[in-house]
Amino acid sequence: MCIVQCMQKIILAFLLIAVSKSPSATQNSIISGNSLTSVTGTVTRVSSVVGGDADLPCDSRPPQHNDSLLLVVWYREDNPVYSYDTRVQGPTAHWTDDAFAERSRWLGLPNSALHLTDVQSRDRATYRCRVDFQVSPTRNYKIALDVIELPNKPVIFDEYGNEISGVAGPYYEGSDFKLICSVHGGNPIPQVQWLQGETVLATLSAGEIQLGPSRSLTLLITNATRSHFANTFTCTADNTLLAPPQRSEVRVDLYLRPLTVEILSREQPLSVGRKAELWCKSTGARPPATITWWLGGNQLTSKSKQQISYKQMEMEEANETQSLLQWTPLKKYNGQVLTCRAEHTMFNQSSIESRLVLNIYYIPVAEMHLGSKMNPNDIEEGDDVYFGCEVDANPPAYKVVWEHNGIILQNNPSHGVILTGNTNLAIRNVSRHQAGEYTCTASNVEGDGKSPPLQLQVVYRPVCRRRQIKMIGAALQESSSVECEVDAFPLPDTFEWTLNNSFGSIAVDPDRFTIDANAGKSILTYIPVSEIDYGTLSCRATNLAGQQVSPCVYTLLPATRPDPPTNCTVYNLTHDSLDLMCLAGYEGGLQCVFVAEVWANEGLVVNASNGAALWNLRRLGAKRQLKIIVYAANARGRSEHVTFTIETAPRLSPRTEAHEAWEVNWAVGGVLGAACTVAFILCLALVATRLRHRSRDYEVTMQIAKIQKTTPQKRQSPDDRNPDLIPLNKGAESPPDPPHYSTVVNKQNVMNSNSLHSLVSTQTPNTPQPHNPENQIDRIGINGTARLQREVVTTRTPLLAAHQESCV
């Protein structure tokens, strides 16, 4: 038996080899094999979608343990399309029909099947699988492949036939709209549905027949509300469970009216001139509402900020729009209504408003006025003046302050200043000193508001701008000038000059002086010819209020060389420098220069000049005996010298660490001592200066009077006996006589033939002399010597008319 079985296997092997070598013969034998075996009657159905994969099952397991697979052949409608021969090694063991080229592959054990990829509609058919074994009989299986054609993706149209992609609309809130879903293709016929979320809104079943290749389903939405805004509606087409339904979605967009509007920033009050930021919020509008700000019927400029939300559950808070008003309030807006208006341009009658009554704080506005029955142009000295202050403020002013020329006025009835409440001021018996600018300042929490100044004009007669008698140094044969300045309201337009000398009082011809009505002054020019041309000048001005009561008085004195400086003090003395300060003497009625010379044995070391008797001398050398010479000089000559000797300090040697610690306390003490010394000297100088200015009129004149009383009638020099120096007015109030001077006027300059006794016609010099500025010079007496103040005026113009030719 074993030998017989072996022979059968060998014969079958040869047969299979022959079949494999001749494909046509193999196929014929396969086809003819149908008569040898029966086909299974059970049909297995396999479904797949177009473009998908399909596994056609075929059991290739041998029924016996001693058996094995020999050959697998697939037929479509009895036409072979695929085979797998186990007798052949390599890729040639598989054979595929052209229709399944590169789309079919045999899957072996344990789940043997024919795997198809990219299934096409033409693959729909009934397939048979034939399995040949070496020993067991051939088996056949029937498999029906159902190929499902999916419908195309639904296309959504609006009621006007326009295709919608993504967003439907926008539609108006409260309107109706339609959505049409169109589905093309599909085998079997698909079912079409409209969904909102998981809720089915409309269905077109597969059993409902429609003409044409497409199926359409319409969704009608009536009276669209805010709940439809931003909702997603889905159209699905489904004809199999093997693939998800085809879907198309649209999101509904609506124009929505604004729901609310509110002014968020309601903090009051606001302040004038301080930028305020006000926010207004509107919700519910789609697209965002247009927010505008209105005040007094005028639209204000603002900035908007949109915050849009699509949250369905929070629709009342969605679509928020905020507007920022950056605004600087004005005073006139106080009490007005600020309106924030939200409106939608797509809707009629959709605007809503929020209102805010403004409370605006502002700095008080003050305005002054005179009493109702007062004429501002007719207020004279001795009248009573009344002021009122009108204040406009929010919040109300808590105080009002009155000022006169920047000085705060206090209630002082004894001096005629009476404050009634906060808004009234009365001045009793007003004087010219109380003329000027008056203001009232009202205060509240916002600040202080000052009224525009109210100019109070008090009519009064002219008075001298300088009360003291001026000493004027005048040189013979040189032009000089005298300036008469007065204060008056209104300014004077008339001046009168008078010369008092030994010949009496002489009126000056108006041609000899000029009048500056805008400045309230008159300038008189003259040329002294002889000693008798010196005397006293008086000036009177006249305005609408009358003539000046007390004239301005000027004493004319001869110009001389200066007196020497006195009380010289050296301080800040070092090894190489020092500071020198002296008291200046009488400058001789001319511009004066103060000179300090430092001499050593080898000659002049330093020569310094200054306009004041104060020097800072440097580079003197260490440990040297120095002689300092100080004098004053003007155009008339030099004063006598003041000489004194000093010794500079030695140069400090280099310090060691041992000396530094010991000397630091001495250095600090020296600095403090020097500072105290300088401060003490400056204080003394300041006190002396104040005393000098305070008593320069009366003290000087009293001392001069004493000297004159003690001076004998017989005089030894022309300067000591000057008969032309006589007072302008005799009596108790007459000014004192001018002081005597030791400087002798050169008799060569005296022209007796041209003196005041004999000159009749005026004399005008052909060559004008240089004009020197007026200088005020103090003469400080030493050991009881009188202190004099002189002023030099050098403008050349003839003075008198026919009475005399010499000019003052």
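Before we start, keep in mind that the model is predicted: local features need pLDDT of at least 70, side-chain atom pairs count only at pLDDT 80 or more, and totals for chains, interfaces and linings use all residues. Residues are numbered from 1 along each chain as its sequence is written, and side-chain values use heavy atoms, with hydrogens and water left out.

Let's begin with a sheet. Strands here are DSSP runs of E with at least two residues, numbered from the N terminus, and two of them pair if DSSP finds at least two bridges between them. An open sheet is built from 4 strands in the order β23-β22-β26-β27, with antiparallel pairing. At its edges sit β23 (298–300) and β27 (352–357), each pairing on one side only. Inside the sheet, β22 (residues 290–295) and β26 (residues 337–343) pair in the antiparallel sense over 6 bridges. You can find T290 standing opposite E343 of β26.

C280 is joined to C340, S to S 1.8 Å. C280 lies in strand β21 (residues 276–283) and C340 in β26, so this pair ties together parts that are 60 residues apart in sequence. C280 is buried, at 0% relative accessible area; in this scheme buried means under 20%, exposed over 50%, and partly exposed in between, using a 1.4 Å probe and protein chains only. C340 is buried at 0% too.

The whole structure holds 7 disulfides. Another one of them links C58 and C129, with sulfur atoms 1.8 Å apart. Here C58 sits in the loop between β2 (54–57) and β3 (69–76) while C129 is in strand β8 (residues 125–133), so the pair ties together parts 71 residues apart in sequence. There is also a disulfide from C181 to C235 (S to S 1.6 Å), and both of these cysteines are buried.

Now hop along to β34 (residues 436–444). Why is this strand largely enclosed by the rest of the structure? It's because 8 of its 9 residues are buried. On one pairing, strand β30 (residues 399–404) meets β34 in the antiparallel sense over 6 bridges, with H404 opposite Y438. Y438 also stands opposite L454 in β36, a strand (residues 454–456) that pairs with β34 in the antiparallel sense over 3 bridges. Finally, a hairpin joins β34 to β35 through 2 residues, and N444 has G447 as its bridge partner in β35.

Note on methods. A disulfide is a pair of cysteine sulfur atoms within 2.5 Å.
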